[in-house]
Amino acid sequence: MRLLLQERPNGREAPRFVQLQLEADLLGGWTLVRETGQMGGRSTLRREQFLDQDSALAAFEHARDLQLKKGFQLMFVQGAEAPRP
């Protein structure tokens, strides 16, 4: 599963983005990968490990919802349903 969220451009600087990915690992666990940064600039990558899919999916949805509340817009969705308004 992968989502790309982006702030609305304000004309003064490049918009910020957040990319969330949920990946299964080889040992049966799950990894939530969060990449944040500014378009065309540096970014930060964080990984969070989970033992089961349910807790990983809950963390993925929570991270997505927090960014939507901050005003980020959903730009790309792969392997997941779009959030409900």
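Is Glu-48 buried, partly exposed or exposed? In this predicted model, Glu-48 counts as partly exposed, because its relative accessibility is 33%, and buried would require a value under 20%. The legends below begin with the whole chain and then turn to individual sites.

**Figure 1. Overall fold of the predicted model.** The protein contains one helix and five strands, arranged along the sequence in the pattern β-β-β-β-α-β. Its C-alpha trace extends over about 45 × 30 × 20 Å along the principal axes. Of the 85 residues, 28% count as buried. The accessible surface amounts to about 6,000 Å², with 49% of it belonging to carbon and sulfur atoms. Among contacts with a separation of 6 or more, 37% involve residues 24 or more positions apart.

**Figure 2. Strand pairing from β1 to β4.** Strand β1 (residues 2–6) pairs with strand β2 (residues 16–24) in the antiparallel sense through five bridges; in this pairing, Leu-3 has Leu-20 of β2 as its bridge partner. Nine bridges connect β2 with strand β3 (residues 30–38), again in the antiparallel sense, and Val-18 stands opposite Thr-36 of β3. The hairpin of β2 and β3 has five residues between the strands, and Gly-28 in this hairpin takes a positive phi near 90°. Strands β3 and β4 run antiparallel and are joined by eight bridges. In general, strands of a sheet pair through backbone hydrogen bonds, either parallel or antiparallel.

**Figure 3. The salt bridge between Arg-34 and Glu-48.** The closest N and O atoms of Arg-34 and Glu-48 are 3.1 Å apart. Arg-34 belongs to strand β3 and Glu-48 to strand β4 (residues 43–50), so this pair ties together parts that are 14 residues apart in sequence. Side chains of opposite charge can pair when their charged atoms come close.

**Figure 4. The salt bridge between Arg-64 and Asp-65.** A search of the whole structure finds two salt bridges; one of them joins the side chains of Asp-65 and Arg-64, with an N to O distance of 3.0 Å.

**Figure 5. The surroundings of Trp-30.** Trp-30 lies in strand β3 and stands opposite Phe-50 in β4. With a relative accessibility of 19%, Trp-30 counts as buried, because the limit for this class is under 20%. Leaving out residues up to four places away in sequence, Trp-30 touches Leu-22, Glu-23, Ala-24, Asp-25, Glu-48, Gln-49, Phe-50, Asp-52, Gln-53 and Ala-56. Trp-30 and Leu-45 are 15 residues apart in sequence, and their C-alpha atoms are 16 Å apart in space.

**Figure 6. The largest nonpolar core.** This core has 13 residues, of which Leu-20, Leu-22, Leu-32, Phe-50 and Phe-60 touch the most other members. The elements giving two or more residues to the core are β1, β2, β3 and α1. Helix α1 gives the most, with four residues. Beyond residues up to four places away in sequence, Leu-22 touches Met-1, Trp-30, Thr-31, Leu-32, Ala-56, Leu-57 and Phe-60. In soluble globular proteins, nonpolar side chains tend to be buried together.

**Figure 7. Gln-6 in strand β1.** Gln-6 is buried, with a relative accessible area of 13%. Apart from neighbours within four places in sequence, Gln-6 is in contact with Pro-15, Arg-16, Phe-17, Met-39, Phe-72, Gln-73 and Met-75.

Definitions and conventions:
Residues numbered from 1 in each chain as written. Predicted model: local features only at pLDDT ≥ 70, side-chain atom pairs only at ≥ 80, totals over all residues. Heavy atoms only, no water. Pairing = 2+ DSSP bridges. Salt bridge = Lys/Arg side-chain N within 4 Å of Asp/Glu carboxyl O. Buried < 20%, exposed > 50% of the residue type's maximum accessible area, 1.4 Å probe, protein only. Contact = heavy atoms within 4.5 Å. Areas by Shrake-Rupley, 256 points an atom, 1.4 Å probe, with all protein chains shown as cover. Core = buried A, V, L, I, M, F, W, Y, C linked by side-chain atoms within 4.5 Å.
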